[in-house]
Amino acid sequence: MWDSENESVGGRDCSGMVSSSKHGWKTDGFEQRGQSWHVATDIPSDFLVKVGDASFHLHKYPLLSRSGKMNRLVYESRNPCLEKVVLDDLPGGPEAFELAAKFCYGIDVDITATNISGLRCAAEYLEMTEDLEEGNLIFKTEAFLSYVVLSSWRDSILVLKSCEKLSPWAENLQIVRRCGESIAWKACANPKGVRWSYSGKPPRVCSPRWNEMKESSPSRNLHAPTDWWFEDVSILRIDHFVRVITAIKVKGMKFDLVGAAITHYAAKWFPELIKDEGSNSSSRRGGLHVIVAGSKEYIISTVQAKDQRMIVESLISILPPQKDSVSCCFLLRLLKMANMLKVAPALITELEKRVGMQFEQATLPDLLIPSFNRSETLYDVDLVQRLLEHFLVQEQTEGSSPSRWSFSDKNIHEEARRGDITNAKTRVARLVDSYLTEVSRDRNLSLTRFQVLAEALPESARTCDDGLYRAIDSYLKAHPTLSEHERKRICRVMDFQKLSIDACMHAARNERLPLRVVVQVLFSEQVKISNVMANSSLREGGESHYQPMVSNQKKLLEGTLQSFQEGWAAAKKDINTLKFELETVKSNYIELQKDLENLQRQFDKMMKPKQTSSAWTSGWKKLTKLTKTTDLETNDTGPQIANVEQNTKTPRRWRNSIS
């Protein structure tokens, strides 16, 4: 940090002594008796000055000789014996008037960074100009500001902090502007020269002045981080902080550092922006304590709602316009606070656009913003819908914007940009599906709101619809009274072809889904399996037949409901044909089984006489068999067959007669 040149390593107070150039009254100083101040002198006081609750028993001559204000009051009163004056509107109050009165009496005044702003404003109020006396109080306080305060980082911070109670005098005298410019210039300087002496340290711990770095300092080799100035500027009031940040942005500070400083300031003044339900920890001093309960009752303490609204509006107005200057998490928390405090609609719209620029960085807990507008739903679904619309508009704008790259690098850049946009949409799709799953448990969430938010993203954003199916199933579970038409309507938002096998198996057994949807899921799974089998076989057969099948299959997958019904009718016809063929096979099998049984019985009958016949009978059968074989061999001789049969029959009858 930077410190004034009056500060030294020896530990002396950083101050300056000023007094009137003329010889003052012989006095030992001022004495305080309760709320009254008296001059320690033998001459009795003849002039009473009331400043607030304090009374100063003084003398006319020292005051009139150096204050044009006192001269005018006495002159305008037309009473040369005026003994009392009331100065309730004097900037700086009794403390500043005490120092000014001491200066009028020629008493040395100790000027420091904590009292210089009040004394400078009091001198301007009392009109202690050079016209009355050379080296009057205005001149000396102005010199201290210019040569001591503005050369010190720490003194500039302290003076700017002390100006909070001096409006509009500090503004009109350019004290705020000059201190803000000094702080901005030092914050943008090379951090290698920063000395580690923060304003939060005790006043006696001082470091060398801004324009004089000592070589012997052991801290010279320590390099300060780029955010070394965050903590000091965060103690300023919001209007002074805005002035400093504006000056820093004008001087070319990196936008990410400016955004980090704004985030640090918000974290200091709103340390626990929104507490979780059931948390009992109290907020830190100077912060905001907010408890969000399920009943939508909000307890705000520590700071008035008007001051809170002014802080939030100011932070929104100074946000850097560049993307990623602040995190999306911070923007969403700021948006939550803005909605709760009823910030101006124009600023809320601007903040929503900023969130839309970085919507892919959001997380589910940050999106669960309660509904502050007395709506029926627990969460502000319309707000998320607007954020999603801003995101899509931003992506479309970036995708259609002309490229600044050279012709050789243009294609590479365009491909990379398209890939980033696709990845961002995929992340947003997963985020929206998770959000829908969470808010679907709200019984007051209408079907239209759910469907509009689910269909807001293009179909290409979702590569898998498992998250959307999970949200739909959760909504159907929380709304059991939906009609058949409403259940079909909500199921139309998902693509069955993008469901995984596990999701399809769950959907096939899900009793909450309409029957028609279950059939579509099963048919979709059948098409997938058929497609995989066809592709595998066609790849083995050759690539020439592979492409037409893929095209036809794609037409089938992208068909309308009518084409699906036609396909399902054809499938049913094929099933019936297979059933008929199966019945025919079964009947043929039964007939063959009957024939087999008949043959078995005949065979059994033929084998039964064989077991009881004698040797003679066995020989006779062999002879008969031999005769039949001879007949078969002579069957081709034509007309001779009859004679052969007669010759064979005669011996047989002869043999029978012998037996």
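**Cavities and contacts**

Modeller: The count comes to two cavities of 30 Å³ or more. A cavity is a set of points on a 1 Å grid over the protein atoms alone where a 1.4 Å probe fits but cannot get out, and lining residues have an atom within 4 Å of a point. Grid points are joined across faces, edges and corners, and a volume is the space filled by probe spheres set on the points. This is a predicted model: local features need pLDDT of at least 70, side-chain atom pairs count only at pLDDT 80 or more, and totals for chains, interfaces and linings use all residues. Residues are numbered from 1 along each chain as its sequence is written, and side-chain values use heavy atoms, with hydrogens and water left out.

Biologist: Which helix gives the largest share of the lining of the largest cavity?

Modeller: The largest cavity holds about 40 Å³ of space. Its lining includes Leu 63, Met 70, Phe 97 and Cys 104. Helices are DSSP runs (H or I, at least four residues) numbered from the N terminus. The largest share of this lining, four residues, comes from helix α3 (residues 93-104).

Biologist: How many charged residues are in the lining of the second largest cavity?

Modeller: About 30 Å³ of space lies in the second largest cavity, and among its lining residues are Asp 380, Asp 382 and Arg 449. Asp, Glu, Lys and Arg count as charged; Ala, Val, Leu, Ile, Met, Phe, Trp, Tyr, Cys and Pro as nonpolar; and the others, Gly among them, as polar. The lining of the largest cavity has eight nonpolar, one polar and no charged residues. For the second largest cavity, the classes are two nonpolar, four polar and, as charged residues, three.

Biologist: How many residues apart in sequence are the parts that Phe 450 and Tyr 475 tie together?

Modeller: The structure holds ten aromatic pairs, where rings of Phe, Tyr and Trp (its six-membered ring) pair if their centres lie within 6.5 Å, with planes under 30 degrees apart stacked, over 60 edge-to-face and the rest tilted. Phe 450 and Tyr 475 form a tilted pair, 4.9 Å centre to centre with 35 degrees between the planes. Phe 450 lies in helix α18 (residues 447-454) and Tyr 475 in helix α19 (residues 466-478), so the parts tied together are apart in sequence by 25 residues.

Biologist: Are Trp 229 and Phe 230 buried or exposed?

Modeller: Trp 229 and Phe 230 form an edge-to-face pair, 4.7 Å centre to centre with 90 degrees between the planes. The cut-offs are under 20% relative accessible area for buried, over 50% for exposed and in between for partly exposed (1.4 Å probe, protein chains only). By these, both Trp 229 and Phe 230 are buried.

Biologist: What is the relative accessibility of Glu 127?

Modeller: The structure holds 21 salt bridges, each a side-chain nitrogen of Lys or Arg within 4 Å of a carboxyl oxygen of Asp or Glu. One of them joins the side chains of Arg 72 and Glu 127 (2.7 Å, N to O). Arg 72 is partly exposed, with a relative accessible area of 31%. Glu 127 also counts as partly exposed, and its relative accessibility is 27%.

Biologist: Where does Glu 181 lie?

Modeller: The side chains of Glu 181 and Lys 251 meet in a salt bridge (3.3 Å, N to O). Lys 251 lies in the loop between α10 (238-250) and α11 (255-269), so the pair ties together parts 70 residues apart in sequence, with Glu 181 in helix α8 (residues 175-187).

Notes:
Helices (H or I, at least four residues) and strands (E, at least two) are DSSP runs, numbered from the N terminus. On a 1 Å grid over the protein atoms alone, a cavity is a set of points where a 1.4 Å probe fits but cannot get out, and a pocket is an open set with protein on both sides within 12 Å along at least five of seven lines; lining residues have an atom within 4 Å of a point.
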